[in-house]
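Visitor: Could you take me closely through one part of this protein, the nonpolar core and the aromatic rings that belong with it? I am new to this, so please take your time over it.

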Amino acid sequence: MDNVHYQFNPHTLKYEKVVRDWRYYMKRISGILGLGIASGALFFFLYITFIQSPAERQLLEENNKLRTQFKVLSRQLDEAIKIMEIIEERDDNFYRVMLEADSIPKSMRKGTYTLTARYDKWKNLRVGDIVKETSQKMDVLNRMLYIQSTSFDELVDLALKNEDRLKHIPAIMPVLNKDLQRTASGYGYRIDPIYQTKRFHKGMDFSAPIGTEIYATGAGTVTFAGWKQGYGNCVIIDHGYDYETLYAHCSKIQKGLHRGSKVQRGDVIAFVGNTGKSTGPHLHYEVHVDGQPQNPSHYYYLDLSPDQYDEMIRIASDSGKMFD
């Protein structure tokens, strides 16, 4: 009798007998268990998703701090790599050219670390991406330092064997320019100040007051000292080893200097002026190798630190016009 119940039937409007056997209770128990399991699963999901334990919060804070530190380290490595690239540029474009040594390929200087699987061990970490990137940069920088150190050792040996050559090759700025404020216009295409058209500028201009001393940038023999069309008062020096320098628009040439005169690096050969095709007092300076004009900025290694060299390049490249 305990299993007999009466339930109102809205269709017949009568109370009808309902017998509840074991199947009924199994369904009820299964439903309750299913609802409990679903509720528990939902609660667990919400907990692990939105609620963190003290240990998890501590780990998350530590990960965030690590990520921040790695980002700082990554930026510092970027700056160090940029400095190394400047040194490498001077090494390839001047030191190794000057000493007739082959340049070092970029692939050899930096390696191919991005193509290796050596960093896969970091990929499962929460900060794995930044750890991998920073590790790659560190490896690149270490390789660049090693290759550059080896290059300098090689260049020192070559320099010892080419001592006389080094005395003759241009290596200083032709005017006193320690603060770089006299750097006016650099090598490359510039706007002609008179014709207002783009023209290739074969040298570098240094603005300076009339009468400022002009120095020979390397030992050599004067091959021309006088008036040259467009250049005004001009001095040309043959340094041997296929190097030649030109100094133009001088106000006057050093007394006693003439074709055949021997000069040493640092000797005063002329004075800044505004002669020839010129729109203001300045020195126009050119470097030629095998008869071809070169960027003079590559030949100031005795005067400039890497930072000063970079700043001088920036100043010279900002000028869209030239003085001659």
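Guide: The protein chain in this predicted model has six helices and 14 strands. Of its 324 residues, 38% count as buried, and among the contacts between residues at least 6 apart in sequence, 67% join residues at least 24 apart.

With that background, we can turn to the core. The largest nonpolar core has 40 residues, and those that touch the most other members are Met98, Ile214, Val235, Ile237, Tyr247, Ile269 and Tyr300. Several elements each supply at least two residues of this core, namely helix H2, strands S6, S9, S10, S12 and S13, and helix H6.

Now to the rings. The structure holds three aromatic pairs, and two of them can be followed here. A pair of aromatic rings is described by how far apart the centres lie and by the angle between the planes. The rings of Phe206 and Tyr300 have centres 6.3 Å apart and planes at 70°, and because an angle over 60 degrees counts as edge-to-face, this pair is edge-to-face. Phe206 belongs to strand S6, while Tyr300 lies in the loop between strand S14 and H6, so that the pair, with its partners 94 residues apart, links distant parts of the chain. Both Phe206 and Tyr300 are buried.

The rings of Tyr247 and Tyr285 have their centres 5.3 Å apart and their planes at 45°, and the pair is therefore tilted. This pair, too, links distant parts of the chain, with Tyr247 in strand S10 and Tyr285 in strand S13, 38 residues apart. Tyr247 is buried, with a relative accessible area of 0%, and Tyr285 counts as buried because its relative accessibility is 0%, where the cut-off for buried is under 20%.

The charged end of Lys228 sits over the ring of Phe224, 5.4 Å from its centre, and Lys252 lies over the face of Phe271, at 5.3 Å from the ring centre.

Key
Residues numbered from 1 in each chain as written. Predicted model: local features only at pLDDT ≥ 70, side-chain atom pairs only at ≥ 80, totals over all residues. Heavy atoms only, no water. Helix = DSSP H or I, 4+ residues; strand = E, 2+ residues; numbered from the N terminus. Buried < 20%, exposed > 50% of the residue type's maximum accessible area, 1.4 Å probe, protein only. Contact = heavy atoms within 4.5 Å. Core = buried A, V, L, I, M, F, W, Y, C linked by side-chain atoms within 4.5 Å. Phe/Tyr/Trp six-rings, centres within 6.5 Å; stacked < 30°, edge-to-face > 60°. Lys NZ or Arg CZ within 6 Å of the ring centre and 35° of its normal.
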